[in-house]
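Visitor: I am new to this structure and should be grateful for a guided introduction. May we look at it together?

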Amino acid sequence: MGRAKGVPNKKGIRTADTECISAGCETKVYVQKDGYTRKHCARCANDLSKYKITRPERIAMIDAVDWKCPICSVSLEMSSGKGTRENEAVIDHCHNSSEVRGVLCSTCNIGLGQFQDDIGNLQNAIKYLRKET
């Protein structure tokens, strides 16, 4: 159950009555301790600052894969910004160049990260899994 509107969280941030200014986003923005009202919700602000993509671009990326993860085929859901749900659509990017590669489910994106985005490591994992026991 969420907090009542206007009640600050642990960091002193509370929900505002206004929505994110990103096209197609209806998420409420936050009011900071100093009274400043953000223009973008946390998800849109992160996408813009980290990946330089807008909400419509994020949705177009998900549409391009028919709302299914390209690796495991799980049905994708729009991201809440926390990346915690296993079927949450998250932006996958190269950690060396920061170039956006596409959109994956949170689980597959974390999996690639655990293999350090290294094709050799992934091939070794496949060989390991194919071993007869």
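Visitor: Which residue's side chain does the side chain of Ser22 meet in a polar contact?
Guide: This is a predicted model, in which local features need pLDDT of at least 70 and side-chain atom pairs count only at pLDDT 80 or more, while totals for chains, interfaces and linings use all residues. Residues are numbered from 1 along each chain as its sequence is written, and side-chain values use heavy atoms, with hydrogens and water left out. A polar contact is a pair of N or O atoms within 3.5 Å; within protein, one must be able to donate a hydrogen and the other to accept it, and residues adjacent in sequence count only if both atoms are side-chain atoms. At 3.0 Å, the side chain of Ser22 makes such a contact with that of His40.

Visitor: Is Ser22 buried or exposed?
Guide: Ser22 lies in the loop between β1 (14-19) and β2 (28-31); strands (E, at least two residues) and helices (H or I, at least four) are DSSP runs, numbered from the N terminus. Leaving aside residues up to four places away in sequence, Ser22 touches His40, Cys44 and Arg55, where contact means heavy atoms within 4.5 Å. Buried means under 20% relative accessible area, exposed over 50% and partly exposed in between, with a 1.4 Å probe and protein chains only. Because its relative accessibility is 12%, Ser22 counts as buried.

Visitor: How far from the sulfur of Cys20 is the nearest cysteine sulfur?
Guide: A disulfide is a pair of cysteine sulfur atoms within 2.5 Å, and a search of the whole structure finds zero of them. Cys20 is accordingly in no disulfide, and the nearest cysteine sulfur belongs to Cys44, at a distance of 3.8 Å.

Visitor: Does Cys20 count as buried or exposed?
Guide: The relative accessibility of Cys20 is 5%. Cys20 therefore counts as buried.

Visitor: In what order do the elements of the chain run?
Guide: The secondary structure comprises four helices and four strands. From the N terminus on, the order is β-β-α-α-β-β-α-α.

Visitor: Which residue in the turn between β3 and β4 has a positive phi?
Guide: Strands β3 (89-93) and β4 (residues 100-105) run antiparallel and are joined by five bridges; two strands pair if DSSP finds at least two bridges between them. His93 stands opposite Val100 in β4. The two strands form a hairpin with six residues between them, and the turn residue with a positive phi, about 65°, is Ser98.

Visitor: Where is Ser73, and how far is its C-alpha atom from that of Leu104?
Guide: Ser73 is placed in the loop between α2 (55-64) and β3. Its relative accessible area is 48%, so Ser73 is partly exposed. Although Ser73 and Leu104 are 31 residues apart along the chain, their C-alpha atoms are separated by 9.3 Å.

Visitor: How far apart are the end C-alpha atoms of helix α4?
Guide: At the start of α4, a side-chain oxygen of Asp118 reaches to within 2.8 Å of the backbone nitrogen of Gly120. The expected span of a helix is 1.5 Å times one less than its number of residues. The 12 residues of α4 (residues 119-130) should therefore span 16 Å, and this agrees with the distance between the end C-alpha atoms, 16 Å.
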